[in-house]
Every structure is written in C-alpha cells, then in structure tokens.
Amino acid sequence: MAAAIALAVSGAALSLNGVLRGWGWYWPALTTVLVVSLTLAALRSVRAQPLLVTAGGFLSLGAILTLTFFRGSSFAGLIPTGSTLGELDRLIRRASETVLSETAPVAPNVGIVMVICAVLGLAVILVDALALPLGIPAATGVGLLAILVVPAMIKPQSVGFWGFAVTLAGYLAILACSQYFVPDARLQTDSARSPGQMKRAVLTGSVALAATLVAPLAIPGFDQGTFPQGSRLNPWGASTGLNPMITLGNSLRTPDGSGRITYATNASTPLYLRSVTVDHFDGDSWGPDDRTASRLRLGGRIDPGYTVLADEQQRLVTAIDAGSFNSPYLPAPYAPESVRGLNGRWTWDPATLSIKGSDTTTSRRQEYLVTSSAPKLTAGLLAQSSAAVQGIPADFTRIPGNVPDVVRTTADTVAGTGTPYAKAMALQKYLRSPEFTYSLQSPVQGGYDGNGLSVLADFLEQKSGYCIHYASAMAVMARLEGIPSRIAVGYAPGRLTGATVSVAGQGALPEYEVDARDAHAWPELYFQGLGWVPFEPTPSRGVVPEYATESAAAAAPDALDNNEGVLPDAAPAPSPAPSAAPLPAPGGSGSPDTGRQLLPWLLTAGGMLGIALLLASPRLARTAIRAGRLRPQDHGTAVPLGWRELLDLGTDYGMAPGSSETPRAYSARLRGSLLGEPHGMDQQAHLAVVALTADFERHSYGRPPLPVPAAAAGGEESGSSGDTNSTLAARVAAVETSLHANATFTRRLRAAWVPASVMGRLGRLLSAPFLATGRMLRGTANAAARSWPGNSRRGARDGVRRQGGN
C-alpha cells in the first residue's frame with residue numbers, strides 16, 4: 001500500500017512539469033513522498049495506533065522538510081529551532097513573490113520547491129488516511145485531484161499523458177491493495193458475493209466517458225468561452241488593482257480593460273502615472289521594498305530628499321479618479337509634493353516617494369488632487385551630470401551575484417565608455433533597435449516570462465518581450481555600469497476621453513483615461529543634482545522623453561571634454577560590489593502558460609488537505625479506539641472491551657445506555673428498538689448482542705452464562721474461554737451492519753464522521769478542568785464557612801446538645 005500511494009502521488013507530481021521549469025525540483029519532491037510513505041508503512045507494520053501513524057506522518061514530513069531546506073538553522077539537521085521559523089517565513093514570502101511575478105513555467109527556487117514538497121507530503125498523509133484507517137480507498141482520488149487541479153488549470157495542455165497515466169496506475173494499485181491484498185471481514189471483496197460488479201464498472205466508465213465528451217461542448221476551455229486565454233482564474237475573486245508583483249503581461253493580455261482610471265492635468269501632454277517603485281533585486285526577481293519602519297504619514301509636504309540643481313522646475317496639478325482600480329499603492333505623477341482629498345490612512349516612503357495605504361486602505365473609489373514637480377531636463381544637463389553619486393541607499397546600486405555572462409557582456413559592449421548619460425542612452429538605443437521586437441506571447445511561449453536574471457539572459461538572446469523585460473534589462477545593465485537604477489510600475493500615458501474636469505485655480509482641464517491594457521514598467525536612473533530620471537527602452541510603448549531622443553543626445557555637449565559637472569569634485573561613480581545572492585539554476589524549457597496565478601491553487605490544495613484531515617479526525621479517533629479494543633488479547637481483557645464497543649456503537653447510532661441501566665436491560669432495549677424498523681435486527685446481529693451481553697455478565701458478576709446457540713459464537717459457546725478476537729470482531733461487525741441498515745442517512749453520516757461516543761469523550765475531557773475547579777471552589781467555600789467564628793460556636797453548642805441527647 002505504501003508503494004501504491006507513493007506511485008500515485010509522485011505520478012501526480014509529474015504533471016507539475018511545465019508549471020515549474022525543468023526537473024531539478026522533482027528529486028526533493030520525490031524524496032519527500034518516499035520518506036513520508038515509508039514512515040507510515042513502518043509505523044503500521046509494528047501495529048501502531050492509527051492516530052499515532054498519522055502523527056508520525058506529520059513528524060516525518062516536518063523532519064524531511066527541515067533536513068532538506070532548513071538544515072543550517074535546525075538542531076542536528078532535523079529538529080526546527082526559532083530561527084527555522086524565520087527561515088520558513090522567508091521562503092514562503094519568496095515562493096509567493098516568485099509565483100506571482102512570473103507566469104508558468106516559474107523558476108524552481110528554494111521557496112516554491114519547499115511549498116511543493118509540503119503539499120505533496122500532506123497529500124500522502126491524506127491518501128493514506130483515506131485508504132487504510134478510514135477504509136474508503138476510492139475516495140483517495142480526492143487527494144490526487146488536489147494535485148492534478150493545479151496543472152489542469154495552469155497549463156493549456158492540462159495534466160499531460162504521463163502524469164495522468166502514472167497517477168491512474170497508482171490509484172488502481174491503491175484500490176487493488178485495499179480490495180485484495182488487505183482483506184477485511186467487513187468488505188464484500190469476493191466477486192462471487194458481489195454480483196453485477198462488472199455491469200456497474202462498465203456503466204460507471206460509460207457515464208464518465210460520455211461526460212468527458214459532452215462537457216467540452218458546454219465549456220470550451222481556455223482558448224475561448226468561459227475562460228478566455230490570458231485571463232487569470234482567482235478563487236478569491238477578481239481584482240482590478242495593478243499588483244507590482246504580478247507579471248505585467250497578465251494585465252496587458254486582459255482583453256476587457258479593467259481597472260479604469262481617469263485624470264485631468266494642466267500638463268501639455270498626458271502623464272505617466274507611477275504606482276510603486278520596484279527597487280529590490282535579489283537575482284530571482286524584482287520586488288518593492290516598502291520600508292515600513294521609515295515610512296511617514298501623509299499629511300504635509302512630500303520632500304524628495306535630494307537637491308535638484310536644474311534652473312527650471314515644472315509644477316503640475318493633476319486631479320485623479322481611481323475608479324475601480326484597487327491597490328494599496330496610489331497612482332500619481334512623479335514627483336508628488338502634496339496630495340489632497342484622500343480618505344483613509346496613507347503613508348509615503350522618503351526613499352521612493354511611493355504612497356501606500358495603511359491597514360485596509362486602498363485606492364478604490366478615491367478622488368484626489370496631486371501637486372507634483374520635476375526638473376525641466378535637457379540632454380545638455382544630463383550630459384554634464386557626471387559627478388559621483390552621493391546620498392543614495394545601497395538598494396539602488398546592489399548587484400546580485402552570479403550575473404549571467406551574456407548580461408555582463410552585453411552591458412559592457414553596448415554601454416562602452418563615457419558619462420552616465422551616454423551609457424544610459426546607449427542602453428536605451430540598443431533595446432529600441434530593430435533587433436528587438438515587442439511581444440506579449442513570445443516570453444510565455446519561450447518559457448522566460450518574468451524578471452529574474454535567468455529570464456533576463458533568455459530575453460537578451462531571444463530579443464523579444466514586453467515592458468517588464470526591457471525595463472529589467474536596462475535597470476540591471478545600468479547598475480553593472482555603476483548607475484543607480486530602479487523600476488517604476490504604473491501606467492503609460494493614456495487617451496483623451498473628450499471630457500473636461502473643472503479644477504479650482506486651473507479652470508477646465510482635459511481628461512485622460514488609462515486601464516489595465518496601459519499597465520507599464522519603465523526604468524529610472526539617478527543623476528547627481530537632477531534626481532531620478534525616467535527612460536523608455538520599450539519599443540512601441542509609452543513616449544520617449546525629449547531629453548532621451550537620439551536627436552537631443554546628438555546635440556548635447558560632449559561631457560567627456562567638459563570638466564564642469566553639476567556638482568563639484570566630479571568623480572566617476574564607484575562600481576558597486578556584487579552581493580552573494582544565490583540564484584536558481586536555469587532549468588530546461590517548459591510548456592507555455594496562460595498567465596494564471598499558481599499560488600492560490602497551491603494554497604487551496606494545501607487548505608483542502610488540511611481541512612479534510614481535520615474533518616476526518618473524529619473518525620480517525622473512533623477507528624483507533626476500535627482497533628485497540630479488537631486487537632488480539634486474552635479472553636478476560638477482550639470481553640469488557642467488546643462490551644464497551646457495543647455501548648459505543650449504540651451511542652453512535654442514537655441509543656446510548658442509561659446511567660442506571662443494567663447490561664441485560666440495555667441489551668433488551670437495543671434489540672427491541674429495531675423491531676419496528678423496516679429491516680429490523682437480523683438473526684446474526686440478535687445472537688451477537690445476546691452473546692456479548694452474556695459474556696460481559698459472566699465476566700462482571702461471575703454467574704454462569706445463558707445458553708447461547710453455537711451459531712452466535714461461530715461454532716463455539718459464548719462462555720467458552722476460546723472466544724477469540726476474530727469472533728469478537730465478527731460479532732461487532734454484525735451489530736454495526738444491522739444498526740447501519742436501520743439508520744437514516746443523517747444518522748449514518750453522523751455515526752461515520754462525527755461519532756457521538758468520541759464527541760462525548762471530548763466534551764468530558766474539555767469540561768473536566770472546569771468541573772474540578774468548581775469542586776475546589778465549593779470545598780474552599782465550605783471550609784471557610786465552617787471556620788467562621790459564629791459557626792464554630794454554634795457547632796460547639798450543637799455538639800453538646802447532641803452529646804447530651806445521646
């Protein structure tokens with residue numbers, strides 16, 4: 001059975017290829033499945049209680065995960081410590097960032113592989129519990145389906161042939177083991193006692209086959225109809241917010257243009273709306289650093305934190321209606337000086353000027369007025385800004401370790417030598433050259449959709465992608481050339497709506513609109529004395545600023561011959577030292593994906609497994625109690641245990657014994673209660689109850705047993721010392737069969753999954769501390785009353801009176 005379960009779960013894991021890139025992730029997953037399966041089998045081979053077997057499965061899962069992923073922070077490599085929990089939180093956040101920032105096949109970093117291993121281990125425990133202690137092996141398909149649903153919803157080609165075939169083989173092996181290799185007296189496994197088995201199998205298969213042929217006609221699939229290609233299926237509902245951690249291709253491929261924002265501005269041209277700054281890059285992906293500790297409450301003037309030495313500043317006023325756009329980050333032109341009209345609590349980051357809502361505050365239905373300013377930049381100013389960078393956090397210059405050679409070589413070859421502005425223009429010109437093409441589908445089809453270093457290397461080789469690839473490429477190569485960089489996420493300039501908006505002090509301003517189809521990312525490079533300067537390396541998207549056009553760059557003075565920078569003591573910016581950030585090994589190519597979220601499905605699958613185990617815990621406890629009572633033991637011990645099992649069966653089916661009811665009276669009531677039922681108590685169950693009662697009476701009171709026919713004891717008299725454990729199990733099974741046949745559907749369901757005997761014990765266990773406390777308090781109160789002086793004298797007088805009376 002352990003081998004069958006391992007085969008089924010590891011076969012289901014095969015279908016995750018194409019959701020995760022390559023096969024490097026499969027070996028730790030397979031190790032986890034085998035360790036948990038063999039642990040369950042080893043515990044069961046020594047006849048451990050079912051609850052102990054399940055608990056051992058959880059312990060083995062924790063041990064193998066600790067050994068594989070947290071060896072350095074654990075005790076002896078197997079026992080988690082306090083620092084292990086911190087590492088666990090870091091890996092879960094890393095898995096979330098990786099999955100949400102890339103479309104499948106995602107990079108198999110340590111975080112996502114850890115999540116996959118944990119889910120597969122839970123699946124083994126669930127399938128094992130369903131197959132053996134719960135005795136419903138056919139339901140093990142639920143645990144396997146929880147795994148298969150992820151590739152079925154993520155990959156256009158669904159599970160795949162080999163994943164489905166191996167899973168099916170393991171599932172059939174589980175059924176075979178439960179039916180033939182582990183026979184149970186309660187199961188009608190013999191085909192001679194189950195007539196019509198082949199007919200039912202053919203009928204079930206025919207219905208399933210017909211459903212698979214008819215269902216696609218009603219639900220066409222993921223290319224058209226209910227789930228069009230490019231949409232994200234989210235079990236927690238749709239969101240129109242621009243999440244900076246989700247690949248922008250998901251929003252760009254959304255056909256309905258959700259999350260509409262309108263704005264009116266006094267600028268002469270439509271503006272870029274910047275939602276959040278993405279500046280943290282660890283090699284796996286770009287991500288925002290919220291800097292929660294250093295954020296300031298929004299209310300007064302927003303200070304950029306650096307001095308701008310440009311002669312002319314542009315001050316803009318923009319009225320924004322966020323509409324259905326739902327995000328914790330507030331879209332606004334850069335650089336905001338003040339924001340008025342917001343509802344809720346908002347904070348801003350001094351390092352990036354990004355504005356974020358606190359607690360549950362979001363941008364949805366917000367209408368606000370932004371005053372922003374930016375230097376009037378020219379190519380000449382940028383060319384003269386060659387001074388050393390000062391006062392910039394290390395986050396904007398950090399370079400991850402193990403940068404692919406193709407990225408370094410491309411940066412050195414393209415940027416060449418010159419001022420930071422000359423290098424930036426060379427990088428932008430290279431990415432906007434005819435060698436590169438803008439495509440939303442090429443990264444998905446080529447398996448390099450995302451923004452990690454391995455993805456960036458593939459992009460520079462394939463030379464096709466969309467804004468996130470171009471922005472990431474320019475930002476990384478700029479850092480390699482010593483220029484601080486970051487990525488801005490928001491919206492490209494929108495379209496005129498034809499309407500106007502009246503703004504106090506500005507009159508009627510033209511209105512523009514943007515939506516999810518305008519989602520965009522662009523790089524921002526830092527120039528000393530001028531601040532953060534946006535560039536536009538993405539071809540056919542956005543608008544190239546005037547200072548970044550080739551004609552403006554050609555007319556700019558050559559800063560190499562000009563020793564006067566904007567800041568004194570000009571010196572080349574130091575090249576930042578690479579940090580030792582580990583990178584995932586690039587895997588093989590995967591299958592294309594439609595860009596749907598993977599993490600919600602993984603969490604849903606894990607939640608389903610956990611909920612199923614929680615709901616099955618009363619049944620597991622009941623099964624463990626019965627197994628302990630019916631295991632082989634001497635006659636004197638088996639008889640009272642058999643009687644307790646009979647009492648629990650009656651309790652589970654609504655016929656609990658009374659507190660003052662004798663065994664014989666309860667036996668008569670149990671047998672008499674079924675006389676009026678449609679099926680009644682059959683002869684075998686009737687004799688079994690009589691035999692169990694007689695054995696218990698003789699054991700408890702020492703009287704000779706009542707005469708019982710040999711049929712009731714399987715050929716032996718009930719009182720004989722040879723009453724074996726198998727005979728006891730047969731009697732209990734006969735009584736349970738009769739009670740089950742005469743019970744209603746609701747009663748059967750409660751007896752199977754929420755047995756009253758277990759729940760009653762649990763209630764008594766939970767109430768015991770309160771009852772003990774109550775008795776203690778009553779005893780204390782009585783003692784205090786007796787020790788009261790008046791009561792003591794009265795007690796003395798009563799004692800004299802009683803003594804005299806005697």
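Predicted model: local features only at pLDDT ≥ 70, side-chain atom pairs only at ≥ 80, totals over all residues.

Q: What makes β2 and β14 paired strands?
A: Two strands pair if DSSP finds at least two bridges between them. Strand β2 and strand β14 (residues 485–491) have five bridges, in the antiparallel sense. They therefore meet the cut-off of at least two. V276 stands opposite V489 in β14.

Q: How do you know that β2 is largely enclosed by the rest of the structure?
A: Buried means under 20% relative accessible area, exposed over 50%, and partly exposed in between (1.4 Å probe, protein chains only). Six of the six residues of β2 (residues 273–278) are buried, so the strand is largely enclosed.

Q: Why are β2 and β18 said to stand at the edges?
A: The open sheet has four strands in the order β2-β14-β17-β18, with antiparallel pairing. β2 and β18 (531–534) each have a single partner strand, so one side of each is left without a neighbour in the sheet. Neighbouring strands here are turned by 35° against each other on average, direction ignored.

Q: What lies across β14 and β17?
A: Helix α15 (residues 467–480) does, running at about 15° to β17 (519–527).

Q: What makes a stretch a helix or a strand?
A: Both are DSSP runs, numbered from the N terminus: helices are H or I with at least four residues, strands are E with at least two. The chain comes to 24 helices and 19 strands.

Q: Why are α1 and α2 called roughly antiparallel?
A: Axes are lines fitted to C-alpha atoms, for helices over the stretch in contact, and angles run from 0 to 180 degrees between N-to-C directions. Angles under 35 degrees count as roughly parallel, over 145 as roughly antiparallel, 65 to 115 as roughly perpendicular and the rest as oblique. The axes of α1 and α2 cross at roughly 160° and come within 9 Å. α1 and α2 are therefore roughly antiparallel to each other.

Q: Which residues of α1 and α2 meet?
A: Contact means heavy atoms within 4.5 Å. On the α1 side are A2, I5, A6, V9, S10, A13 and L14; on the α2 side are Y26, L30, V33, L34, S37 and A41.

Q: Why are α11 and α12 called roughly perpendicular?
A: The axes of helix α11 (residues 405–415) and helix α12 (residues 420–431) cross at roughly 115° and come within 8 Å. α11 and α12 are therefore roughly perpendicular to each other. T410, V414 and A415 in α11 meet K423, A426, L427 and Y430 in α12.

Q: What makes a group of residues a nonpolar core?
A: It is a set of buried Ala, Val, Leu, Ile, Met, Phe, Trp, Tyr and Cys residues joined through side-chain atoms within 4.5 Å. The largest such core has 48 residues, and V9, F69 and L120 touch the most other members. Helix α5 gives the most to this core, with 15 residues. Leaving aside neighbours within four places in sequence, L120 is in contact with V9, A13, A29, V33 and I147. Apart from this core lies another, of 36 residues, among them A310, L427, Y430 and A548.

Q: How do you know that L381 is partly exposed?
A: L381 has 22% relative accessibility, so it falls between the cut-offs and counts as partly exposed. L381 is found in helix α10 (residues 379–384). L381 and Y547 are 166 residues apart in sequence and 9.1 Å apart in space, C-alpha to C-alpha.

Q: What joins β6 to its partners β1 and β10?
A: Strand β1 (residues 261–265) pairs with strand β6 (residues 313–321) over four bridges, in the antiparallel sense. Y263 has I320 in β6 as its bridge partner. Nine bridges join β6 to strand β10 (residues 367–375), and these two also run antiparallel. T318 has V370 in β10 as its bridge partner.

Q: How many of the chain's residues count as buried?
A: Of the 806 residues, 48% do.

How values were computed: Residues numbered from 1 in each chain as written. Heavy atoms only, no water.
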